[in-house]
Amino acid sequence: MTSPAEAARFGWLRPDAIAIAAGALLAAVAPLERFDYVARGLTASSLADAAPSGQVLLVTASPEALRDGLCERALPGLLERGRARGALLIPPADAFCAGGAVEGARGALDGDRAAPVVRMPPGLLRLSAGEVVGFSPLAGEERAAELAALGVSAAPWVLKKAPQSVPAVSLSALAEGEVPASALAGRVAVVGVGSGGVPPQAVATSALPPAKGVAAVLGGLLDGGRRASAPAWAPALFVLLAGGFVWFARRRHGSLVATAAVFLATFALAAGQSALAARAEASLLPLPSTLFGLAVAFAGVMILRGIGVQRAVDRAAELIQRAALFRMQGVHTLPDEEFWPRVARLAEQAHPADLVLVAELPAGSWHLRFWNDQRGGESLVAERRHDVRRPPYSSEQGVPAIRLARRFLTKQDMPAVVVPLIAFGEIEGYVFFCGPVAEATYSREPERAEHVGRELALLLRRKRLARTAEATGGESRAGHTPTDDLVEGARVALDDLQLFGSMLRNAPVGLLYADAFGDVRFVAPEFARWLRARDVTVPAESASSALPPGSLTLGDVLGATSAGSAAVSLSSVMASDDGIELSVSAPEPAVLSVRPLRRESDGSSWIAGYVAALIPVKQPAPVSGNVRPLAARDATDPLCAFQLGDVVADAVASAARATGRAVRLEPIRGATHALGHRGELAQVLEAFLTDVASRGLPGHGPVVSVREATHGVQLSILDVGFGLGLPESALRRVLTAPGAAPAGLEPLGRLILAVEDSHGHAELKTNDGWGITLTVTLLKAHPRVGVTPHEGGKPAAQQNVIAIGRANPK
């Protein structure tokens with residue numbers, strides 16, 4: 001970061017100051033050279049002197065007189081009698097006045113008193129816009145000395161005489177004595193072709209170009225009208241002063257006054273150029289380049305500032321859009337076509353179902369409006385009236401309650417769990433979990449549907465109240481201008497984004513944020529790396545540093561863990577204010593903590609979003625170099641009842657996939673409900689089976705069986721000895737000291753430690769040459785079994801009869 005001193009030192013480096021400096025540099029360099037040349041010529045021509053010239057006399061000869069040789073016969077004598085300074089022959093007159101006239105000029109150069117007569121070289125004239133504006137240097141020409149005797153020297157631009165102010169006579173009038181020869185006294189005779197038979201007052205205008213132009217320029221040159229380019233610093237200084245004037249006008253009085261200042265500066269440039277060119281020799285400015293530099297300075301002061309203001313407005317609008325991604329207030333701004341499908345996605349994550357339907361109950365109505373039409377949607381509903389006062393939306397007494405309906409859909413074999421969304425005694429809508437999966441989940445955990453229904457109802461209630469407040473508050477906000485709203489929204493959005501970004505960047509653990517619909521909107525880099533390591537697709541962040549809705553859900557994140565299904569985890573998050581904590585092991589041991597973000601208003605509480613943290617678990621450092629630490633069980637893996645058969649089946653499948661060898665699982669006998677630390681047992685059992693299967697001989701893989709015994713739940717693994725390649729005595733040593741297992745037997749030692757942590761025990765048994773069997777015995781658990789009622793509310797059987805097994809839905 002720059003220090004305050006450096007910031008003050010370079011504070012002038014702003015776009016307007018840089019533009020003014022760039023305009024001054026362009027004026028000094030004069031990149032528009034061709035246009036500058038034309039502008040200088042026009043300036044010199046516009047300042048033509050109207051006073052009669054006493055140094056030049058324009059002599060015109062008609063074509064007839066030139067053909068008769070009048071110029072060659074009479075011109076030398078006229079110059080001598082009239083004591084002229086010399087004569088300059090303008091093509092094509094020089095072709096008819098050669099011979100004696102030119103020889104006389106050479107004699108004058110040799111010391112004679114005859115007036116010089118010089119032919120005009122072809123490259124002598126400097127032209128601009130078709131007019132003669134000056135003379136080019138002829139240092140290498142043999143006639144340079146002759147031209148210098150006539151006063152003709154290099155002059156880029158000349159304030160010439162006006163054509164009507166140059167004295168002019170015809171050669172015939174001089175030769176016939178109509179005009180005395182004394183008219184040539186002290187003058188340079190510019191001899192050119194003219195029209196014959198014109199009155200004396202029209203002789204000057206009858207001369208053919210470039211004779212009259214040469215006479216006008218030579219007259220101005222001999223009268224002191226030589227002009228040259230101004231120094232480079234002059235236009236640069238003007239642009240700096242004018243740019244500063246425009247900047248001051250823009251800052252103090254606004255854009256209109258600054259524009260007027262530009263026109264005033266342009267007028268001052270034109271007037272100043274005329275005044276300087278009339279009095280000083282090196283005074284011709286590069287007007288086009290100077291105006292171009294002034295335009296660049298004006299653009300920097302005006303246009304670049306306007307662009308900066310527009311960019312600031314666009315940036316503020318972008319910040320407001322970013323802030324809307326992270327605020328609960330943005331729920332009511334979503335259109336219904338986007339809001340209700342997102343509600344359905346949230347319900348799918350929270351409660352397992354083959355199909356989820358959502359319906360809105362409009363205000364003042366008794367008939368539902370279905371929104372999501374996926375896979376048939378509303379067309380699957382058999383009841384067409386959608387009247388919430390009738391079953392199955394309400395009971396026979398008209399009371400809305402959660403219930404299981406079997407003839408709600410057109411598919412008679414597909415049950416549906418009808419969940420009314422009630423907030424503060426008012427029905428906001430309904431959600432329908434359809435399919436056998438939804439029925440089984442509702443029968444096993446009826447409280448899950450209750451939790452989901454309550455949270456969805458609060459979400460819908462918040463949307464309706466926010467839209468009502470927005471509609472009623474529109475009138476009170478009539479005095480606010482869009483600019484006021486933009487500035488205020490930009491300020492709030494910037495503060496929120498800075499705080500949120502700082503929290504995510506500086507957090508010591510990986511963080512994740514999901515909105516109220518369960519869509520992940522921001523994931524920290526550490527969390528994203530963990531998800532990718534778990535084969536979860538994490539999309540790239542958008543330009544606003546947030547993930548688009550639906551690209552990654554909280555259910556996907558929870559599904560990447562090994563501690564149960566995503567639906568169970570998300571429903572647990574909804575049901576608990578403190579959230580849940582899950583233990584994960586790969587790629588490194590960590591704890592995944594997921595908590596709901598609740599908001600409270602008007603005595604109600606609703607979930608405004610979710611936050612998750614990935615907290616790494618550090619292994620304790622060894623006490624001494626010769627002491628091996630025991631693998632400590634994670635404290636977040638509680639002692640619980642679970643199906644040991646499901647854990648074993650998953651471990652067998654994982655080991656078979658990892659090794660590519662067959663791991664045989666015998667049919668599971670009994671309920672196999674066990675008590676223990678499920679997460680720890682699943683991890684170490686999978687690692688042990690993978691180790692044994694990878695070491696075994698082809699065709700001699702381990703055989704796994706699970707059964708329910710009288711004194712507990714037993715897990716047996718046959719052919720352990722073949723897999724590990726060790727005798728029974730070496731294996732029994734692990735039973736005695738599992739924390740100090742020999743090299744190669746660490747997976748077995750960790751399995752024994754996990755069994756002992758779950759209050760079970762392990763033993764090894766020799767099978768008379770048929771290998772060694774590892775037997776693990778865990779405590780038997782007695783799960784709670786619920787009774788599934790019929791739709792009419794009557795029990796399926798007597799109250800003392802419990803149905804065990806899976807029911808086939810009809």
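## A parallel pair of strands

In strand β8, V190 is the bridge partner of L88. Strand β2 (residues 86-89) and strand β8 (residues 188-193) run parallel and are joined by four bridges; two strands count as paired if DSSP finds at least two bridges between them. Strands (E, at least two residues) and helices (H or I, at least four) are DSSP runs, numbered from the N terminus.

The structure is a predicted model, in which local features need pLDDT of at least 70 and side-chain atom pairs count only at pLDDT 80 or more, while totals for chains, interfaces and linings use all residues. Residues are numbered from 1 along each chain as its sequence is written, and side-chain values use heavy atoms, with hydrogens and water left out.

Strands β2 and β8 belong to an open sheet of five strands, with the order β3-β2-β8-β1-β7 and parallel pairing. Its edge strands, β3 (117-119) and β7 (168-170), each pair on one side only. From one strand to the next, the twist averages 25 degrees.

Helix α5 (residues 70-81) lies across β2, β3 and β8 and runs at about 150 degrees to β2. Such angles run from 0 to 180 degrees between N-to-C directions, and axes are lines fitted to C-alpha atoms, for helices over the stretch in contact. In the loop between β2 and α6 (100-109) lies P92, which a cis peptide bond joins to P91, with omega about 5 degrees.

## Antiparallel strands around β20

Strand β20 (residues 604-616) runs antiparallel to strand β16 (residues 510-515), and six bridges join the two. Within this pairing, Y513 has V611 of β20 as its bridge partner.

Strand β19 (residues 590-601) also runs antiparallel to β20, through twelve bridges; here L592 stands opposite L614. A590 lies in β19 and counts as buried, at 5% relative accessibility; buried means under 20% relative accessible area, exposed over 50%, and partly exposed in between (1.4 Å probe, protein chains only).

## Helices α22 and α25

How do the axes of α22 and α25 cross? The axes of helix α22 (residues 678-695) and helix α25 (residues 746-757) come within 9 Å and cross at roughly 155 degrees. The two helices are therefore roughly antiparallel to each other, given that angles over 145 degrees count as roughly antiparallel, under 35 as roughly parallel, 65 to 115 as roughly perpendicular and the rest as oblique.

The contact (heavy atoms within 4.5 Å) involves residues of α22, including L681 and F688, and residues of α25, including L748 and R750. By class, ten of the residues in this contact are nonpolar, none is polar and four are charged. Ala, Val, Leu, Ile, Met, Phe, Trp, Tyr, Cys and Pro count as nonpolar, Asp, Glu, Lys and Arg as charged, and the others, Gly among them, as polar.

## Individual residues

Two residues other than glycine have a positive phi: T672, at about 55 degrees, and H759, near 65 degrees. T672 is found in the loop between β22 (664-665) and β23 (673-677) and is buried, with a relative accessible area of 1%. H759 is found in the loop between α25 and β26 (761-766) and counts as exposed, at 52% relative accessibility.
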